[in-house]
Amino acid sequence: MLRPHHVMCAIGWAGHGYSPAFTRNMNDIVEHRLRADPETPVAFTSGADSICAPCPHRRGAGCDMGGKIAALDRRHAEALDVPPGARMSWGDAQSRAIDRLQPDDLDRLCAGCQWLDYGLCKAALARLQK
Ligand code: SF4
């Protein structure tokens, strides 16, 4: 399961998370599964996903930053055309970001995210588009 905005988070992942447990889980998913095998199947959800599992902000299937995260998901789902319930390979999901987004689109799509100003996600998308 993957929240729509986590497509770009996985593309931009550079090893810095909210907590040691979050970072370990994110490395397992992004480095060892998604990046290791683009055929890895992903299913989109509007609730907590595999990446959220150890997040200190998770509250059951929800999030203590609820409205902000729901808005991130709405914007990314629309931009990538990945509604909840959609299924595809990780490679297809990543290709949607590469084909449909420009790095500066993240200023709008990711507004409110604490990681945006570091520029790592924009840089990662730009590298994939070269
Ligand atoms: S800026 Fe935040 S929400 Fe956007 S891709 Fe990066 S980590 Fe994800």
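Reader: Which residues are buried in H2?
Author: Met 26, Ile 29, Val 30 and Leu 34. Bear in mind that this is a predicted model.

Reader: What covers the buried residues of H2?
Author: The cover includes H1 and helix H4, residues 90–100.

Reader: And how far does H2 reach?
Author: Helix H2 runs over residues 20–34, so to speak end to end 20 Å from first C-alpha to last. That is close to the 21 Å expected for its 15 residues at 1.5 Å a residue.

Reader: Back to Val 30. What does it touch?
Author: Leaving out residues up to four places away in sequence, Val 30 touches Ala 10, Trp 13 and Arg 35.

Reader: How many residues does the largest nonpolar core have?
Author: It has 30. Those with the most contacts inside it are Val 7, Met 8, Ala 10, Ile 11, Val 30, Ala 97 and Cys 121.

Reader: Which elements give two or more residues to this core?
Author: H1, H2, helix H3 (66–80), H4, helix H5 (106–109) and helix H6 (120–128). H1 gives the largest share, 5 residues.

Reader: New topic. Which residues are around the ligand?
Author: His 5, Met 8, Cys 9, Gly 12, Leu 72, Leu 106, Cys 110, Cys 113, Trp 115, Leu 116 and Cys 121. Met 8 and Cys 121 are also among the core residues with the most contacts.

Reader: Where does the largest share of that shell come from?
Author: From helix H1, residues 6–12, with 3 residues.

Reader: How many of the shell are nonpolar, polar or charged?
Author: The shell has 9 nonpolar and 2 polar residues, and no charged ones.

Reader: Let's zoom out. How many helices and strands are there?
Author: The protein has 6 helices and 4 strands. From the N terminus, the order is α-α-β-β-β-α-β-α-α-α.

Reader: Why call the radius of gyration in line with a compact globule?
Author: Because a compact globule of 130 residues would come near 14 Å, and the protein has 13 Å, which agrees. Its C-alpha trace spans about 40 × 30 × 30 Å along the principal axes.

Reader: What share of the residues is buried?
Author: Buried residues make up 32% of the 130.

Reader: And what share of contacts joins residues at least 24 apart?
Author: It is 68%, counting contacts between residues at least 6 apart in sequence.

Conventions
Residues are numbered from 1 along each chain as its sequence is written. This is a predicted model: local features need pLDDT of at least 70, side-chain atom pairs count only at pLDDT 80 or more; totals for chains, interfaces and linings use all residues. The radius of gyration is taken over C-alpha atoms; the globule rule is 2.2 Å times the number of residues to the power 0.38. A residue is buried if 20 or more other C-beta atoms lie within 10 Å of its own, exposed if 12 or fewer, and partly exposed in between; C-beta atoms are placed from the backbone. Two residues are in contact if their C-beta atoms, placed from the backbone, lie within 7 Å. A residue is near a molecule or strand if its C-beta atom, placed from the backbone, lies within 6 Å of it. Ala, Val, Leu, Ile, Met, Phe, Trp, Tyr, Cys and Pro count as nonpolar, Asp, Glu, Lys and Arg as charged, and the others, Gly among them, as polar. The expected span of a helix is 1.5 Å times one less than its number of residues. A nonpolar core is a set of buried Ala, Val, Leu, Ile, Met, Phe, Trp, Tyr and Cys residues joined through C-beta atoms within 7 Å.
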